[in-house]
Amino acid sequence: MQKKRLIPTPLNPHQRRKTLEIVEPSFSTQHRFLRIVWFLLGLAGRAVAARLWPPWRRGRFSEENLARHVRLFMEQMGGLWVKVGQIMAMRRDLFSELFCDELSRLQNRAHGFPARYSRSIIEEELGAPIDTIFSEFEDEPLAAASVGQAHHARLRDKGVKVVVKVQRPNVGASFAKDFTFLRRFINFLIFIRFSPHFRWSEMYTELESAILEELDYRQEAASLRRMRKILRDHKIYVPKVFPRFCTDRVLVMEAVSGVYMSEYIQVALSDPDRLRAWLKENQINARRVGKRLWLSYLRQLFEDNLYHCDLHPGNILMMRENRITLIDFGSVATTDKTQLEKFRLLFKAMGERDYRKVAEMFLLIAPPLPNKDFTETKETVVRLYREFESLAKIKTLPYHQKSLSRLLGDVSNVLASNGVPVAWEFLRATRASTTLDASLMFLTPDMNHLKIAEQHVNQRRARQQRKRTRDPKLVRAQLANLVRQGGMVSKLAENAYFEGEYLRQRALSFEGYISKAAHVGSALFHLLSRASLLAAVGLLFGYLHQRFDAFGALRGKWVYAQLERIPRLPGAMWLVWILLALYMVHELTLMKGVFQEPEPSRPDGDRR
């Protein structure tokens, strides 16, 4: 359980919790459908009006107003549409920075619903009267979102204060209707080939996966247990979950205390003197907290391969002595092993200032590339990283101008403008770092991400070394490593992997050219085999002429004169040359067959 000595004093003791508006849930979805249609028609009307009357683009129909209009609508609709907005905010390769920044402010907040629904769902899911499970249960909800709401309670058998998350009574039907509409709408966009570079199918798949995970509280309970174990080593606390009281619609976890990062930011802007006094009172160094948050994110991503995707200030609690508590693990992700290795190599190259390798890694991470030369694209990426390195050294520069998220957004825009699609796994990982920026700009405004990257690479190598020495099974491998010079083998293995992936990617990219080369090669070897056959026939005629004068009847003719010009050879040499010519016919025919063989079919999982 959370250690009481690490719970900080209140930052704003006179601030009261806002009372949520309680609204009777609506089970009708027809009105919701009409609102969505009306919103889309309104967007289309804005676009037409802005095109017909250009001055409106700087006024009521400006990009800033459009982004705010979209954000407010999605917050009002909640649920699925908040997720749609969050995924759109990830696509900095497709939308402007202003539009993505506005959508990244999306808050999944909603009005509450009457406590009788919560009690009914809890009793139905847990199969027992609520008074037999909880000795206390607050009817007034602690917080509410589009998927559910949370109540404070106390477990009867353990006496532990807990938070009970309960799913909304109509959320399944509402989400199903939204999904049906969205799927049809996306299929329509695909059918008319509207902006295919948006990769609508992949966007829908990503959205569906995120929503289905959020609708099943058992997945969040599993994530809480796993992250609690992993983050303990990061000195970050995660609430304890009580699996016995968790179902797909109910989640019971430990109630934690602390100062929310969102409250910290609010006081930092309104009363910095009070904030400094609070930090001193609770033995907190803001820079250490920020650095710990960032290094933990890197470890979650690159080492644990299980990371919190939504690290906004409302999910971070500050504790005494630079400790941190994280909450809300409804959005947790992993990365495919192959892609993860590419991410590690990219980040390692960034820490080592090998920006050309960074540029190559971006191309390897991307989905299938078009058949074109990307030399100029890579040079632009290298230039962006060099500029970023210069900016990172200026401590007085505002954080948002030298944040890693901004750099990755610029790189994504460069890649997209040159026809290089961005992998969804990469977008998902950068979303977490983007939401974390809102806290880091107040905790560590002078952070140098390149130095932190170098530090992380060194610490990761040291942790791996300690793990090897502690594991008896790896002792022999550790002794064998001592004879290697300066990590040369690992360096060669890394380069071999890098070069192999690069060559494979380029081979796939130039598949069409290879097919044409195969056709030309087949024709060439066909001609060479025919020429070798003619040479064998000519040698046979020469042998018959010199040994048996088989063509005496042609004496005085042009053909006979050509046969006379053939050099005189011993009989055995004639046989050697004839057999050699026939052997060449055989080999060249085989080579022709190799070029004519169809490409072996690949399993679906290997197609690109």
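**Note on helix packing, cores and loops**

1. At a relative accessibility of 39%, Glu140 counts as partly exposed; here buried means under 20% relative accessible area, exposed over 50%, and partly exposed in between, with a 1.4 Å probe and protein chains only. Glu140 sits in the loop between β1 (134-137) and β2 (143-144), helices (H or I, at least four residues) and strands (E, at least two) being DSSP runs numbered from the N terminus. Leaving aside residues up to four places away in sequence, Glu140 touches Arg17, Thr19 and His151, a contact being heavy atoms within 4.5 Å. Glu140 and Glu21 are 119 residues apart in sequence, and their C-alpha atoms are 9.9 Å apart in space.

2. The model is predicted: local features need pLDDT of at least 70 and side-chain atom pairs count only at pLDDT 80 or more, while totals for chains, interfaces and linings use all residues. Residues are numbered from 1 along each chain as its sequence is written, and side-chain values use heavy atoms, with hydrogens and water left out.

3. Asp328 has a positive phi of about 60° although it is not a glycine; Asp328 belongs to the loop between β10 (324-326) and β11 (332-333) and is partly exposed, with a relative accessible area of 32%. Arg353 likewise has a positive phi of about 60° without being a glycine. Arg353 lies in the loop between α13 and α14 (355-365) and, at 30% relative accessibility, is partly exposed.

4. Helix α13 (residues 337-351) has 15 residues, which should span 21 Å at 1.5 Å a residue, and its end C-alpha atoms are 21 Å apart, in agreement; the expected span is 1.5 Å times one less than the number of residues. Of the 15 residues of α13, 12 are buried. The buried residues include Lys342, Arg344 and Lys348, as well as Leu340, Phe343 and Leu346.

5. The largest nonpolar core has 123 residues, and Phe362 and Tyr385 have the most contacts inside it. Such a core is a set of buried Ala, Val, Leu, Ile, Met, Phe, Trp, Tyr and Cys residues joined through side-chain atoms within 4.5 Å. Helix α12 (residues 286-304) gives the most to this core, with 9 residues. Phe362 touches Leu346, Val381, Tyr385, Leu408, Val411, Leu415 and Phe426, not counting residues up to four places away in sequence. A second, separate core of 16 residues includes Ile121, Leu155, Val160 and Phe245.

6. Helix α12 also packs against helix α17 (residues 424-443), at an angle of about 170° and with the axes 9 Å apart. Axes are lines fitted to C-alpha atoms, for helices over the stretch in contact, and angles run from 0 to 180 degrees between N-to-C directions. The two helices are therefore roughly antiparallel; angles under 35 degrees count as roughly parallel, over 145 as roughly antiparallel, 65 to 115 as roughly perpendicular and the rest as oblique. Among the residues in contact are Leu293, Trp294 and Tyr297 of α12, with Leu436 and Leu440 of α17. The contact residues divide into 11 nonpolar, 3 polar and 1 charged, where Ala, Val, Leu, Ile, Met, Phe, Trp, Tyr, Cys and Pro count as nonpolar, Asp, Glu, Lys and Arg as charged, and the others, Gly among them, as polar.

7. The axes of helix α10 (residues 261-270) and helix α11 (residues 272-281) come within 6 Å and cross at roughly 130°, and the pair is therefore oblique. Tyr264, Val267, Ala268 and Ser270 of α10 meet Pro272, Arg274, Leu275, Trp278 and Leu279 of α11. This contact comprises 7 nonpolar residues, 1 polar and 1 charged.
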